[in-house]
Amino acid sequence: MSKIFIVYWSGTGNTEKMAKQISEGVIQGGKESEVAEVSGIKPEALKELSVFALGCPSMGAEVLEEEFMEPFVAEVEKFASGKKIGLFGSYGWGDCEWMRDWEERLKNAGAEIVNGEGITVLNEPDDETLEKCIELGKTLAAL
Ligand SMILES: Cc1cc2nc3c(=O)[nH]c(=O)nc-3n(C[C@H](O)[C@H](O)[C@H](O)COP(=O)(O)O)c2cc1C
């Protein structure tokens with residue numbers, strides 16, 4: 001049984017909390033999960049997997065974090081075709097342009113975004129968002 005990988009970057013812990021809840025949902029859904037901070041994993045680890053999740057807050061000016069997550073996602077794009085990818089992340093003040101751009105980019109690379117769109121939350125995840133994360137984890141486990 002293949003593990004569900006959840007790879008994230010988080011500066012102040014909001015997106016990390018979402019990653020951990022998604023992992024909890026995966027386990028509740030009966031699969032093993034691996035939560036990995038992006039600097040500690042190579043994109044190749046995802047290459048043979050058909051389902052995984054990526055998380056990153058809105059950084060810069062509505063972009064992914066540039067030192068680790070952006071190059072990681074650029075590599076994932078090369079083999080994203082046919083994969084089912086869950087997306088999630090926190091934001092602070094924008095209108096979630098970063099997430100729309102991220103969804104579009106992976107769709108253009110041939111991936112399917114699980115549930116059609118990423119989970120976004122303003123700042124710290126509230127209970128409703130944490131529940132959505134659990135549900136996403138269960139969905140990933142069932143795919
Ligand atoms: C350098 C920097 C740039 C940011 N740029 C944006 C932005 O363009 N749009 C936005 O909505 N929030 C922006 N934020 C706010 C973060 O997305 C927000 O604080 C988020 O909750 C951080 O998530 P984390 O705790 O997982 O790091 C920025 C934060 C920092 C530190």
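In this predicted model, a polar backbone atom of Gly92 is found 3.0 Å from a nitrogen atom of the ligand. At Trp93, a backbone N or O atom lies 3.0 Å from an oxygen atom of the ligand, and Ser10 contributes through its side chain, in which an N or O atom is 2.6 Å from a ligand oxygen. The ligand, which taken alone exposes 640 Å², has 78% of that area buried by the protein.

The ligand sits in the largest pocket, and the elements that give two or more residues to the shell around it are helix 1, spanning residues 14-28, and strand 4, spanning residues 84-91. The shell comprises 18 residues, of which Ser10, Thr12, Ser58, Ser90 and Gly94 come nearest to the ligand.

Side chains of opposite charge can pair when their charged atoms come close. With a cut-off of 4 Å between a side-chain nitrogen of Lys or Arg and a carboxyl oxygen of Asp or Glu, the count comes to eight salt bridges. Among them is the salt bridge between Glu70 and Arg105, in which the closest N and O atoms are 2.8 Å apart. This pair links distant parts of the chain, with Glu70 placed in helix 2 (residues 69-79) and Arg105 in helix 3 (residues 97-108), and the two residues are 35 residues apart.

Key: Residues numbered from 1 in each chain as written. Predicted model: local features only at pLDDT ≥ 70, side-chain atom pairs only at ≥ 80, totals over all residues. Heavy atoms only, no water. Near = heavy atom within 4 Å. Polar contact = N/O pair within 3.5 Å; in protein donor to acceptor, adjacent residues only side chain to side chain. Areas by Shrake-Rupley, 256 points an atom, 1.4 Å probe, with all protein chains shown as cover. 1 Å grid on protein atoms, 1.4 Å probe; cavity = no way out; pocket = protein on both sides within 12 Å on 5 of 7 lines; lining within 4 Å. Sits in = over half its atoms within 2 Å of the grid points. Helix = DSSP H or I, 4+ residues; strand = E, 2+ residues; numbered from the N terminus.
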